[in-house]
Every structure is written in C-alpha cells, then in structure tokens.
Amino acid sequence: MSHADARTDTAAAPALPAATVLGYPRIGPRRELKTALERYWSGASDLAELEQAAAEVRTRTRTRLVELGLRRDDASVPSAFSFYDPVLDVVTLLGAVPSRFADLPAADGSVGLAESFVLARGDEARGPLEMTKWFDTNYHYLVPELGPRTPIALVGDRPVRELLEARADGVQARPVLVGPVTFLLLAKAEDGAPDGFHPLDRLEDVLDAYAALLPRLAEAGAGWVQLDEPGLVVDGAVPAEDVLAATRRAYERLTAVTDRPALLVTTPYGDPGAALPVLLGTGVEGIGLDLV
C-alpha cells in the first residue's frame, strides 16, 4: 500500500493499519446468509429475522478476523457485508432506481431491503436488473441502469448503521464501498436514454452523494473508508483518457471534503497502470496495490 501525506483538512490522517484484508466472504461459514435469504424469499421468515441472521454473520466475521490477528482498534477489519451484491448496495444507497421501478422508493427516495430484492429478482410485471460477471471472477453483479434523469442522491444509511454496529461490538471497522468511477463504468444507459449518453455523464451527481456520505461516516467513528475501483485496471468501452479524467475529478473532489475519513483506494485484479499517478496526485491517503 502507498501512503500519501496530502490532506485538504487540518486533521492528520490516522495511521494505516499494519495488516488488513480488503474483504471477507459474506455468506457465513455454513452458508447462513444464503439459508436466511432463501427462507425470507420463500415466505418462511420475515424481514426482521433476515436482518438478525445477517447481523449474526457480521458479528461472526468480525470475531473471526480478530482471532486471525487483525486488531480491533485500528480500522484493520473491513466492513464489507452485502445481502446480495455491493453494486446493488450503491444503487440503493443513492436511490438510483430506473424509471420502470419508480414505485419502489419511499417518499424520501430511500430504497428498503425488501425493495432492493425486487430490483435484484424482479416481480410479476418486471424483470430484474441485468446480472453479469464481476470482472474475471465467478461472482456476478447487477448492472445499474442510469439515464439523465435517474434520481441520484444520498438516501441510504446502511454503511453508517453497520459501522455503528461494529463499534458497539468493540471493533473499529473500515467501511468498504464500490468506488464512484467503477460504479459508473459498470452501469449501462437506461432504455430511452439519449444517443451518446453514458452513465459516466452522471459523475458529479454520484460524487455529491459520496461527498455527503463521508462526513457521516467520520461522525460515526470511521478513521478510514475503502473505495474499490477495479474498473481502473481493465479496458472497457469508455476511452482510457476519459476514465483517467473521471478518476482525477472524483478523488480531487472527495479529498476536498472536510471532516472526512482517510481514503484507501484499491484497484483489485490488476495493475492500475496510468491510474496510479493520477491517484497519487489527488491526495488520497492510501492506495492498495494488487501485486499478484
């Protein structure tokens, strides 16, 4: 990991943990989360029981990581849980619901857990969001559908709630989110979007939402936040110069937020290449390098 010194606010960055992991399997050692999800989807349990089962998986994960040698008090333990898919988590965090699901959000734009499963699985009248492979792995993600008028704002608080849960358990966890550039690179234009529109055109709106989240995480006790940007290491449909420009803009904007946690930007699955000097020039406090 590279540790940069620049910060735009007056507080010094907390020390980078001496040892950490970027994530941990979310399903539970005996597939407890999968079992809980299937019970809920079949109608054999309710949402409260599903939330309780998920909380027990998160507690067990934190306990296991501490047993394996990570510290409780230095942001070593990642808070990287997801019920279904981390990309879908950003969709619901931002209320970025395509128009065909416009009835799902509440009046304040928030998208509940039950409603997120409608996005993931569809219903009698609508098909789900498209599912496709997560880079070169056997995992999959749900493809966000964005248009020029898709709602995008900070409407969710699950990362904050899960951070507070970890702190109540005596663990100074590190929230983990899909980074803003990768989120937009993985999205597709919603049906009916104008010719030439690309989800990356919504970068400023997504950055506003992330910028609003960071101080809330800091207030809840986060010393570090991890933003995963695997989209920076693969060639895609967006020209490389546009990806680099979006990366520079994104992290100059986020490092300019005051009263925020330190930022650890990771680029899993490969060499960040030309994105590395761009990130180094933005003032992020940590960069995770995949050296395999």
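**First stop: proline 215**

Select proline 215. Leaving aside neighbours within four places in sequence, proline 215 is in contact (heavy atoms within 4.5 Å) with Val257, Thr258 and Asp259. Draw a C-alpha to C-alpha distance from proline 215 to aspartate 259: the two are 5.6 Å apart in space and 44 residues apart in sequence. Proline 215 sits in helix H7, residues 203-219. Helices (H or I, at least four residues) and strands (E, at least two) are DSSP runs, numbered from the N terminus. Proline 215 counts as partly exposed because its relative accessibility is 26%. The scale runs from buried (under 20% relative accessible area) through partly exposed to exposed (over 50%), with a 1.4 Å probe and protein chains only.

This is a predicted model, in which local features need pLDDT of at least 70 and side-chain atom pairs count only at pLDDT 80 or more, while totals for chains, interfaces and linings use all residues. Residues are numbered from 1 along each chain as its sequence is written, and side-chain values use heavy atoms, with hydrogens and water left out.

**Second stop: helix H1**

Select residues 32-42, helix H1. Which residues of H1 are buried? They are Leu33, Ala36, Leu37 and Tyr40. They cover an arc of only 100° around the axis, so they lie on the same side of H1. The arc is taken from the directions from the helix axis to the C-beta atoms. An α-helix has 3.6 residues a turn, so residues three or four places apart point the same way.

Then step just past H1 to glycine 43, which takes a positive phi of about 90°.

Show the axes of H1 and H2. They come within 9 Å and cross at roughly 175°. Axes are lines fitted to C-alpha atoms, for helices over the stretch in contact, and angles run from 0 to 180 degrees between N-to-C directions. H1 and H2 are therefore roughly antiparallel, a label for angles over 145 degrees. From H1, select Glu32, Leu33, Ala36, Leu37 and Tyr40; from H2, select Leu47, Leu50, Ala53, Ala54, Val57 and Arg60. These residues make the contact.

**Last stop: the whole chain**

Zoom out. The chain has 9 helices and 10 strands. Its C-alpha trace spans about 55 × 50 × 35 Å along the principal axes. Of its 292 residues, 49% count as buried.

How values were computed: Parallel < 35°, antiparallel > 145°, perpendicular 65-115°, else oblique.
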